[in-house]
Amino acid sequence: MTRTNVWVGSLAIPAMIAMLLLAGPSRVAATDQSSTPNAEVKIDNFSFGPQTVTVPVGATVTWVNHDDIPHTVVSTDGVFKSKVRDTDEKFSYTFTKAGIYSYFCSVHPKMTGQVVVQ
Amino acid sequence: MRDKKQGLIDQKLQDLNNDGVDRRGFLKCMAWAGTGLVWTLNGGIPGSRAFAKTAERSAAKDADFTFVQISDSHIGFNKPANPDVTATLQTAISKINAMPHPPDFIIHTGDLSQLSKPSEFDTLDQSLKGASAKQIYFVPGEHDMLSDNGEQYLERYGKGTKGTGYYSFDHKGVHFVGLVNVANLKAGGMGSLGNEQLEWLEDDLKGRSASTPIVLFAHIPLWTIYPDWGWGTDDSEQALSYVKRFGSVTVLNGHIHQIMQKVEGKVSFHTAMSTAFPQPAPGTAPSAGPMKVPADQLQRVLGITDVNYVVSGHSLAIVDSPLDTSVSSASENGSGSSLLRLAR
């Protein structure tokens, strides 16, 4: 082999790898469901934490009640509505459409939160 | 000890005086202290007799009457703040039953249950069956509305009520109105009465003589105590405007599990202790949730409210008393007897 050939060859491989990496991520995500980041919202001290949570389309948000008082999770636009959740009970909702979803606790309406789906 | 009590009474009279209330008016006060004293003020001169000697209640006129307010029994609650709310409710009922004369009726200002469960309402009803007063009036709290639209509550306690469960009745010349401010709550808001109920209230009060004493009762306070914790009612101003013309208005609420009182003109506002668990004073804790106190203190921060209507003065005397009336230490909100001035 001439020197030039070897040099080109040693460049080609990294270049190919680079191209694969650049093309990679979106395809990998589409086929691998377990990487969809779900989110958890903790209910405690009459508040939702975090108050605003951002998730991708298709994600599931789970609310867990750590308070010693029952609460509910109710969308202000009628999109979702949990049954009353006592201490340690959960409510989950999967967001299939992008948007901003405001919600509150219908028992203690000063408790408000938001799910941003993008 | 007696001087201290005398001083306290004098101080309260002083406060009443500053409010522009005539302290020489008729005032009947029953002190539920361990000493069992009955104080009567007649023409500004206090006199006291031990409970035992007033068994006949000879000074009472026929039309005078007493009723009791209890609140926030939260049957079904079982966390550390009070693992046995049914037992403390029972203590409250025993206290009512120990009164020399049974009250004409009991008013429960809501949060009967913790989770609106049938079994919880059942337990409450069972307990109340043992009360000396057989007539009980209810209004729901937000905890009683947890099944869709409060159907469990309405099924049991909503007979003869309108809309979300509101109603009115008359008793010996006093007009009582039970309001519901825990339904259809809006995000970010406090308590809410709603237009339908407000229209009904305006109509209900129309044409009544201004000398008719009015008692409004609802779960969430009808005046703004602490908005951050939802302790108020967004549209109560309108409701209060309908009662402005009356000579004596008393507003009885619950929800906050502690005694708070306010007088504004001829309207006296009062919130009751819970029979289940206390809650912190506004802003003194991260949230309004159940407050744990040492076990031996619990019964001092739970209690009932005795309301005595005196016809001659067209006034109501409101006396709160804790479940435990043994000689108490400092008087924090909720512990110890408190005398609310009257609306004349």
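Residues are numbered from 1 along each chain as its sequence is written, while chains are lettered from A and ligands numbered from 1 in the order in which they are written. Because the model is predicted, local features need pLDDT of at least 70 and side-chain atom pairs count only at pLDDT 80 or more, whereas totals for chains, interfaces and linings use all residues.

Select chain B. Its secondary structure comes to 6 helices and 15 strands; helices (H or I, at least four residues) and strands (E, at least two) are DSSP runs, numbered from the N terminus. Of its 344 residues, 46% count as buried, that is, with 20 or more other C-beta atoms, placed from the backbone, within 10 Å of their own.

Next, select the contact between the chains, to which chain B gives 16 residues and chain A 17 residues. Two residues are in contact if their C-beta atoms, placed from the backbone, lie within 7 Å. The chain B side has 8 nonpolar (Ala, Val, Leu, Ile, Met, Phe, Trp, Tyr, Cys and Pro), 5 polar (the others, Gly among them) and 3 charged residues (Asp, Glu, Lys and Arg).

Now turn to chain A, where 4 strands form an open, mixed sheet in the order β2-β1-β4-β6. Two strands pair if DSSP finds at least two bridges between them. Strands β2 (47-49) and β6 (90-94) of chain A stand at the edges with a single partner strand each, so one side of each has no neighbour in the sheet.

Finally, select β4 (residues 60-65) of chain A, which runs antiparallel to β6(A) and is joined to it by 5 bridges. Here A:Trp63 stands opposite A:Phe91 in β6(A).

Methods
Buried ≥ 20, exposed ≤ 12 C-beta atoms within 10 Å, placed from the backbone.
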